[in-house]
Amino acid sequence: MNDIDIPQSLLELLAAHPVADVHSDYAIQLYRAAQEGRDDALFAEHLPLLRRGGVNAEVLTVGGDFEIGTLELWDLRLVLRIIDATRRQIDAHGEFHLMLEGEDIDRAAARDGMHFMFALEGIRCVEDVATLRALHAAGLRSVILTHNERNLAADGCAEPKPGGLSNFGREIVRELRALNMVLDLVHLSDPSFFDAIDLYDLPPMVSHSNARALCGHRRNLTDEQIRMIGERGGVIGLNFLGMFIDDDRTKATPDRLADHAEHIAGIAGSECLALGPDYADYYMDAMQQWLLRDDLPTDLLNFVTGAEDVAHLPVFIDALARRGFSDEHLAGILGGNALRLYRTVFTASAPQT
Ligand SMILES: [Zn+2]
């Protein structure tokens with residue numbers, strides 16, 4: 001970490017505790033790389049960056065209700081290919097592990113190796129609960145019901161007159177609970193958020209959202225939602241995208257993002273904070289095509305200044321430390337809180353009927 005100036009004490013804190021990035025999309029890039037003959041990109045291209053950032057646990061999107069370039073990620077066959085390509089790259093190295101059960105979380109908490117979890121960002125590829133169960137068997141452990149828009153399960157936050165969960169969506173949430181899978185409430189419309197949290201009795205995750213009180217974007221959480229997440233022992237991953245940090249995205253500094261951390265901790269305690277940076281530097285080419293196609297500003301997808309990729313994650317942690325978060329609270333935000341949630345969900349006993 002030669003190009004950034006992080007205090008030694010903070011580097012030691014990062015090295016001594018698990019560090020989890022609870023939302024990233026680069027499994028899609030791993031698949032694209034494998035298609036181009038680079039079938040070890042996780043080790044060769046991503047591991048050095050993860051090491052520089054201190055990260056040892058990653059939640060990876062393996063499909064969802066959106067496209068990257070020509071890849072339509074709601075195609076179940078494509079989702080299975082992305083899972084396959086990523087699993088092969090994980091299985092190729094003894095230090096890589098997939099997080100499937102409680103003991104995997106314990107190993108991640110001990111920083112013994114690099115850990116990955118598979119997540120779905122929208123369930124258009126899931127037409128029935130049997131498909132969900134099959135994906136669980138393939139290694140899927142976390143589910144976002146929809147990605148901004150409406151699907152068969154739920155309305156997303158971009159719907160003009162949003163409703164909540166459909167009967168199918170309710171069936172899916174009940175099955176997630178029965179399978180001890182993580183329910184991720186990010187991207188939902190407000191009515192969908194409240195429907196889903198009511199149907200799920202384990203701690204809920206919101207993997208990449210900030211506080212709406214500080215940045216009015218519909219993707220961010222209201223104070224009431226933050227309070228509910230806190231009451232349920234849930235976790236909120238702070239999003240590093242500028243448009244979710246300040247209404248003027250040119251003001252998306254690490255310090256401004258620390259305002260969100262302080263606001264959320266003030267309502268629900270720092271035990272509910274995690275890191276969900278939503279990094280996309282590995283497929284900026286496809287993102288820029290999106291912006292051009294939709295006639296959007298080319299800086300729309302800028303990340304927090306100075307911490308634009310996972311190798312620079314400590315820049316934001318430094319801002320949090322300067323804000324006065326104790327080492328114990330910082331350790332929780334770095335990864336302890338997220339891993340606590342995963343362990344609770346994976347090891348919970350059967351739901352009360
Ligand atoms: Zn997202």
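Tutor: Exposed means over 50% relative accessible area, buried under 20%, and partly exposed in between, with a 1.4 Å probe and protein chains only. Helices are DSSP runs of H or I with at least four residues, strands are runs of E with at least two, and both are numbered from the N terminus. This is a predicted model, where local features need pLDDT of at least 70 and side-chain atom pairs count only at pLDDT 80 or more, while totals for chains, interfaces and linings use all residues. Residues are numbered from 1 along each chain as its sequence is written, and side-chain values use heavy atoms, without hydrogens or water.

The arc is taken from the directions that run from the helix axis to the C-beta atoms. What covers these buried residues?

Follow helix 2 next. It runs over residues 26-35 and packs with helix 4 (residues 76-91) at an angle of about 85°, the axes being 9 Å apart. Axes here are lines fitted to C-alpha atoms, for helices over the stretch in contact, and angles run from 0 to 180 degrees between N-to-C directions. That makes helix 2 roughly perpendicular to helix 4. The classes are: under 35 degrees roughly parallel, over 145 roughly antiparallel, 65 to 115 roughly perpendicular, the rest oblique. Helix 2 brings Ala 27, Ile 28, Leu 30, Tyr 31 and Ala 34 to the meeting; helix 4 brings Leu 78, Arg 81, Ile 82, Ala 85, Thr 86 and Gln 89. Contact means heavy atoms within 4.5 Å.

Helix 1 also has a buried face. In helix 1 (residues 8-16), Leu 10, Leu 13 and Leu 14 are buried. They fall within an arc of 100° seen down the axis, so they line one face of helix 1. Turned away from that side are the exposed residues Gln 8, Ser 9, Ala 15 and Ala 16. The buried residues of helix 1 pack against helix 3 (41-53), helix 12 (313-322) and helix 13.

Two of those partners lead further. In helix 3 we find Leu 49. It is partly exposed, at 27% relative accessible area. Beyond its neighbours within four places in sequence, Leu 49 is in contact with Val 310 and Ala 311.

The largest nonpolar core has 131 residues, and Phe 116, Leu 120, Leu 145, Phe 240, Phe 316 and Tyr 342 touch the most other members. Helix 13 (residues 327-347) gives the most to this core, with 9 residues. A nonpolar core is a set of buried Ala, Val, Leu, Ile, Met, Phe, Trp, Tyr and Cys residues joined through side-chain atoms within 4.5 Å. Take Phe 240: leaving aside neighbours within four places, its contacts include Ile 245, Leu 257, Leu 275, Pro 277, Phe 303, Leu 313 and Phe 316.

Last, the metal. Which residues coordinate the zinc ion? Glu 121 (OE), His 187 (NE2) and His 208 (NE2) do, at 2.0 to 2.1 Å. Donors are N, O and S atoms within 2.8 Å of the metal (3.2 Å for Na, K and Ca); water is not among the atoms, so sites may look incomplete. In sequence the donor residues are spaced E-x65-H-x20-H. Glu 121 lies in strand 6 (residues 114-121) and His 187 in the loop between strand 8 (182-184) and helix 8 (190-199), so the pair ties together parts 66 residues apart in sequence.

His 147 sits in the loop between strand 7 (140-144) and helix 7 (167-178). It is buried too, at 14%. Apart from neighbours within four places in sequence, His 147 is in contact with Asp 65, Phe 66, Glu 121, Gly 122 and His 187.
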